[in-house]
Amino acid sequence: MLDACVLPIAGEDPAARFAIESTLRRFGAGSARVARDAGIRIVALARGEGYRDCSKALRRLAAGVDDWPIPPAGLFVVEERTMYLRSFSAMTVAHEFAHALDCALGGGIYLSSVDPRIRSAFERATAFVTPYAASGLDEYFAETMRAWVEINDPQSLWPRATRARLAAADPAMTAVLASLFANELRDEGA
Ligand SMILES: [Zn+2]
């Protein structure tokens with residue numbers, strides 16, 4: 001059922017599309033369905049292409065990011081329900097797709113911004129699965145979900161995000177993710 005997993009991906013590079021699809025499949029068919037039903041789109045930037053070339057919202061909201069010494073590897077734009085990817089590494093795709101699911105589950109705003117279970121887990125957390133998870137509710141959601149699906153890059157200097165590490169650091173958020181994947185993101189027929 002490979003076709004059932006695929007979201008619209010804009011971009012010419014077949015290797016990029018293959019890499020993106022491979023990572024999305026690791027979230028399961030239920031996640032792909034939720035993202036697709038919410039109208040999530042993916043744009044794979046071409047070499048030399050900037051975010052400002054692809055997104056009206058990013059021209060307005062983040063005009064300077066293309067000029068950073070190292071521009072972000074990916075960005076998710078809530079108002080466009082679109083993932084923009086410069087890197088197609090599994091870790092980048094998984095992190096941005098987790099933002100996309102946060103938006104899809106929240107009906108167009110981040111679930112993490114309104115769900116009291118997530119806020120409470122974040123506020124009470126004494127340890128974080130990766131350093132970036134501590135930087136805000138949205139990054140907390142994205143990084144803990146990336147740990148739940150255990151998607152990492154071998155060359156990353158960050159600690160590997162795994163379900164065991166998440167469960168040890170943050171049982172409350174582990175329970176939230178278990179519930180999401182058992183219900184809203186459940187694979188049909190699984
Ligand atoms: Zn992020």
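The protein chain has a secondary structure of 11 helices and 4 strands. The model is a predicted one.

**Overall form**

- The radius of gyration of the protein chain is 16 Å, which agrees with the value near 16 Å that a compact globule of 190 residues would have.
- The C-alpha trace spans about 40 × 40 × 30 Å along its principal axes.
- Of the 190 residues in the protein chain, 39% are buried.
- Among contacts with a separation of 6 or more, 60% are between residues 24 or more positions apart.

**The sheet**

- Strands of a sheet pair through backbone hydrogen bonds, and the pairing is either parallel or antiparallel.
- Here 4 strands form an open sheet with mixed pairing, in the order E1-E2-E4-E3.
- Strand E1 (9–10) and strand E3 (74–77) are at the edges with a single partner strand each, so one side of each has no neighbour in the sheet.
- Helix H2 (residues 14–25) packs on the sheet, where it touches E1, strand E2 (41–44) and E4. The direction of H2 makes about 140° with that of E2.

**Strand E4 and its partners**

- E3 and strand E4 (residues 82–85) run antiparallel and are joined by 4 bridges.
- E3 and E4 form a hairpin, with 4 residues between the two strands. In the turn, Arg-81 has a positive phi of about 50°.
- E2 and E4 run parallel, and 4 bridges join them as well. Tyr-84 in E4 is the bridge partner of Val-43.
- Thr-82 and Tyr-84 point one way from E4, while Met-83 and Leu-85 point the other way. All of these residues are buried.

**Helices H6 and H9**

- Two packed helices are described by the angle between their axes and the distance between the axes.
- For helix H6 (residues 90–105) and helix H9 (residues 137–149), the axes come within 8 Å and cross at roughly 115°.
- The crossing of H6 past H9 is right-handed.
- On the H6 side, the contact is made by Ala-94, His-95, Ala-98, His-99, Leu-101 and Asp-102. On the H9 side, the residues are Asp-138, Phe-141, Ala-142, Met-145, Arg-146 and Val-149.
- By type, the residues of the contact of H6 with H9 are 7 nonpolar, 2 polar and 3 charged.

Note on methods:
Residues numbered from 1 in each chain as written. Predicted model: local features only at pLDDT ≥ 70, side-chain atom pairs only at ≥ 80, totals over all residues. Pairing = 2+ DSSP bridges. Contact = placed C-beta atoms within 7 Å. Axes fitted to C-alpha atoms, helices over the stretch in contact; angles between N-to-C directions. Left-handed = near helix turned anticlockwise from the far one by under 90°. Nonpolar A, V, L, I, M, F, W, Y, C, P; charged D, E, K, R; others polar. Rg over C-alpha atoms; globule rule 2.2 N^0.38 Å. Buried ≥ 20, exposed ≤ 12 C-beta atoms within 10 Å, placed from the backbone.
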